Amino acid sequence: MSKPTYVPEYQSIVEVLNKYNEGCKQAKSSIMKPTFSDKATMFSVDGDGKLAGGAIQALFDGIDSGFRPSPEAQGAIVRVDIVGTAASARIDTNDVSGFCFTDFFHLLKVEGKWMVVSKIFHTHVAP
């Protein structure tokens, strides 16, 4: 992987994404919630090929209502791209209770702080 252009910004974004991963691993939205804008959205494509999602609160509700990841689940930040005060990132997570996820994040740096403004995800059955 090539070195990021904005090393301090890259490290700040990785810290945000690691909080998201930690919240998933511990099944605690309280850990990940501070990394998201209160206006953040989450979207995917449902089984019928239609757009599904909306406010990020649905993610927090899902985590809090019984999401229990497999103890061996692992998530890895695969890519981070930064342009000024905007960034995109990808996290791949394997074997979370029989499913794998690819999450695409869009982040903005607002008032000196990086925050997630949207999450787009794809879910597939673990091999």
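The model here is predicted, so local features need pLDDT of at least 70 and side-chain atom pairs count only at pLDDT 80 or more, while totals for chains, interfaces and linings use all residues. Residues are numbered from 1 along each chain as its sequence is written, and side-chain values use heavy atoms, with hydrogens and water left out.

Ser118 sits in strand S6 (residues 113-125); strands are DSSP runs of E with at least two residues, helices are runs of H or I with at least four, and both are numbered from the N terminus. With a relative accessibility of 14%, Ser118 counts as buried, meaning under 20% relative accessible area (1.4 Å probe, protein chains only).

Now for helix H3. Its residues Leu59, Phe60 and Ile63 are buried. They cover an arc of only 95° around the axis, so they lie on the same side of H3; the arc is taken from the directions from the helix axis to the C-beta atoms. Leu59 touches Tyr20, Met32, Phe36, Met42 and Lys119, leaving aside residues up to four places away in sequence, where contact means heavy atoms within 4.5 Å. The cover over the buried residues of H3 includes H1, helix H2 (29-32), S1 and S6. Just after H3, Gly66 takes a positive phi of about 130°.

Conventions
Buried < 20%, exposed > 50% of the residue type's maximum accessible area, 1.4 Å probe, protein only.
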